[in-house]
Amino acid sequence: MKLYCLSGHPTLPCNVLKFKSTTIMLDCGLDTTSVLQFLPLPLVHSPRLSKLPGWVSKDGTINLEKELKECAGRIFVDSQPEFCLPEKELLDLSTIDVILISNYHCMMALPYITEHTGFTGTVYATEPTLQIGRLLMEELVNFMERVPKAQSATCWKYKEVQRLLPGPLKDAVEVSTWKRCYSMQDVNSALSKVQLVGYSQKVELFGAVQVTPLSSGYSLGSSNWIIQSHYEKVSYVSGSSLLTTHPQPMDQSSLKNSDVLILTGLTQMPTANPDGMLGDFCSNLAMTIRAGGNVLVPCYSSGVIYDLLECLYQFIENANLGSTPFYFISPVANSSLEFSQIFAEWLCHNKQSKVYLPEPPFPHAELIQTNKLKHYPSIHGDFSSEFRQPCVVFTGHPSLRFGDVVHFMELWGKSSLNTIIFTEPDFSYLDALAPYQPLAMKCVYCPIDTRLNFHQVSKLLKEVQPLHVVCPEQYTQPPPAQSHRSDLMLELQPPPMPYRRCSVLGLPFRRRWERIQLLPELAKSLVPSEIKPGISVATVSAVLQSKDNKHTLQPVPKPPPLPPSKKRKRVVEEPPEVLAPKPLLSGAVPLEAFLAMLHKHGITEVKVEETADGHILHLQAEDTLIQLEEDGTHIVCDDNEPLRTALRDLVLRFLMKL
């Protein structure tokens with residue numbers, strides 16, 4: 001059993017598990033942090049960005065002023081943003097049989113895998129994961145296609161050039177493999193390969209293994225996966241939460257008795273408490289609005305935004321913000337808000353029960369009905385005529401490199417009355433803001449990450465007790481910025497097996513057993529013999545048939561009768577003769593009784609020597625040796641066949657024939 005790690009980002013995993021002749025990809029996360037190296041894509045022409053100076057090395061040897069621009073001491077690539085893909089060279093991706101998806105954030109690289117590698121397998125995901133994943137991909141494609149860039153920067157990617165560049169660009173990983181965004185055609189084709197599954201539904205893969213999704217409690221439809229055969233069990237835990245938010249709670253008990261537990265997708269903010277961050281979010285928002293400023297919240301169009309709107313719903317009235325308009329701007333805003341209301345069976349019990357009242361499970365439905373929350377596909381059209389300030393705007397993308405958020409950064413960045421509140425933990429807020437410097441607007445960092453922290457995961461592992469844990473290398477040491485915090489790492493016995501991008505791990509357990517079925521007619525012919533009280537044994541002569549990873553014992557076919565023939569054929573093809581099986585022997589030869597038996601048959605001169613495994617009997621007059629051992633008896637006798645046969649028969653008297 002082997003695990004191939006194709007992604008170096010622990011919360012955007014992509015691993016491949018080879019198990020019992022099946023090749024299973026676990027998630028295909030897209031590392032979007034690479035876009036932080038690029039200049040933002042403005043929706044309308046930005047004089048500020050167009051006037052940025054090009055970059056030339058100090059000694060003048062490298063001139064990339066057409067590709068790289070300098071802003072506030074940092075350099076950025078002036079080109080369409082590109083993404084860091086999962087590793088494609090480590091193994092042949094066309095051999096992958098199935099892809100299991102944990103949640104909609106971990107499927108964003110799917111079109112790169114299914115459309116451009118010769119993949120012919122099936123993708124398994126829950127319905128909310130598929131539908132919200134489709135929305136996020138659609139939004140990404142829309143953001144990229146509505147502001148295309150004419151030029152494409154390639155020279156900076158050459159290894160010999162990249163190592164001479166300053167700052168983060170010099171250390172960027174695998175830049176030669178970075179790719180532009182896929183098309184909507186790729187998205188539709190990739191998602192047509194998805195087969196929907198429900199929690200606890202068992203799916204057979206080629207008769208070899210069974211895969212089952214379990215609720216992971218992190219987002220709508222998010223799953224952990226159990227991959228098991230008759231005798232082995234692997235659990236894949238990715239992006240899970242024990243907090244009481246809108247999804248169904250995490251199923252922990254089904255993870256018990258795992259031989260290997262692959263753990264990834266823990267919180268990126270181990271020191272930030274999500275409840276405290278929500279409180280900070282609301283108080284900073286209220287403070288800015290009261291002072292007459294606007295609030296910008298860069299966010300994804302699904303997920304944490306539902307919790308932010310729910311929190312604000314309770315907060316608005318108490319804080320006298322009832323007249324403040326809230327805008328949610330995204331090409332998929334309408335679909336996202338509607339989907340969250342219709343996936344009732346994937347919600348926590350409290351929200352499910354509202355559906356039968358009937359009431360919308362999420363309060364943002366009421367915010368929309370009372371006109372407190374308005375949603376628009378973009379800043380063009382209706383929004384521009386209805387827009388009034390001060391207001392709160394939720395829009396994407398959290399990286400601040402593309403989407404409507406770029407326009408608001410240019411619009412509001414020069415006033416210190418306005419505030420930008422970061423809630424998504426995927427991007428460093430300082431790096432996100434770098435191309436907008438100098439910036440007058442206030443910045444507040446309230447990262448809300450509900451995934452498991454180290455304390456919760458240690459408790460979980462104590463309860464489910466897997467034999468071995470496999471996790472990203474980052475989880476086996478404290479974060480670089482807090483090297484003294486040993487509580488911010490996994491400390492287990494035995495220690496977890498770490499992996500990093502491009503590593504291949506041999507997982508530490510061997511398959512020992514295989515299940516075989518007996519056909520009823522063969523079972524009828526068996527004659528058990530009792531060898532010990534309560535233990536019976538029968539010998540089986542059968543033909544083993546292996547098909548679709550299922551093994552069956554069938555009766556030995558009888559040879560067909562020869563047809564009567566008048567003419568004599570020169571060559572008669574006789575069927576192979578099936579020999580009756582030799583009897584199996586069991587039992588032990590007791591030394592004293594055997595010596596007495598030899599004496600009775602006239603063999604008196606016997607020298608007994610004790611060995612580690614039993615005894616050696618030397619019959620001196622006959623020049624013969626008999627080795628009596630636990631698992632065998634040997635008679636060494638030269639040129640005296642009658643004596644050997646007689647001794648063999650004496651030994652057989654003490655043994656039982658099956």
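**Ground rules.** This is a predicted model, where I take local features at pLDDT of at least 70 and side-chain atom pairs only at pLDDT 80 or more, while totals for chains, interfaces and linings use all residues. Residues are numbered from 1 along each chain as its sequence is written, and side-chain values use heavy atoms, with hydrogens and water left out.

**Domains.** I noted domain 1 (2-267 + 451-506), domain 2 (274-445) and domain 3 (585-657); the bounds come from an automatic or database domain assignment. Taken over C-alpha atoms, the centres of domain 2 and domain 3 are 90 Å apart.

**Helix α7.** Helices (H or I, at least four residues) and strands (E, at least two) are DSSP runs, numbered from the N terminus. I found 17 residues in α7 (residues 274-290), with 25 Å from first C-alpha to last, close to the 24 Å expected. That expected span is 1.5 Å times one less than the number of residues.

Which residues of α7 are buried? I listed Pro274, Met277, Leu278, Phe281, Cys282, Asn284, Leu285, Ala286, Thr288 and Ile289. Buried means under 20% relative accessible area, exposed over 50%, and partly exposed in between (1.4 Å probe, protein chains only). An α-helix has 3.6 residues a turn, so residues three or four places apart point the same way. The cover over the buried residues of α7 includes β14 (295-298), α8 (304-318) and β17 (392-395); contact here means heavy atoms within 4.5 Å.

I also checked both ends. At the start of α7, a side-chain oxygen of asparagine 273 comes within 3.1 Å of the backbone nitrogen of aspartate 275. Just after α7, glycine 292 has a positive phi of about 90°.

**The open sheet.** I traced 7 strands in the order β9-β10-β11-β12-β13-β20-β21, with mixed pairing. At the edges sit β9 (203-205) and β21 (497-499), each pairing on one side only. Two strands pair if DSSP finds at least two bridges between them. β9 and β10 (residues 209-215) run antiparallel and are joined by 3 bridges; in one of these strands, β10, valine 211 is the bridge partner of valine 203.

**Serine 302.** This residue lies in the loop between β14 and α8. Buried or exposed? Serine 302 counts as buried because its relative accessibility is 1%. Leaving aside neighbours within four places in sequence, I found serine 302 in contact with Tyr104, Ile132 and Ser336. Its side chain makes polar contacts with the side chains of tyrosine 104 (3.4 Å) and tyrosine 306 (3.0 Å). A polar contact is a pair of N or O atoms within 3.5 Å; within protein, one must be able to donate a hydrogen and the other to accept it, and residues adjacent in sequence count only if both atoms are side-chain atoms.

Most residues other than glycine have a negative phi, and most peptide bonds are trans. I jotted down a cis peptide bond between glycine 396 and histidine 397, omega about 15°, with histidine 397 in the loop between β17 and α13 (405-412). Another cis bond joins glutamine 437 and proline 438, omega about -5°. Serine 200 has a positive phi near 70° and counts as partly exposed at 45% relative accessibility. Cysteine 502 has a positive phi near 75° and is partly exposed, at 32% relative accessible area.
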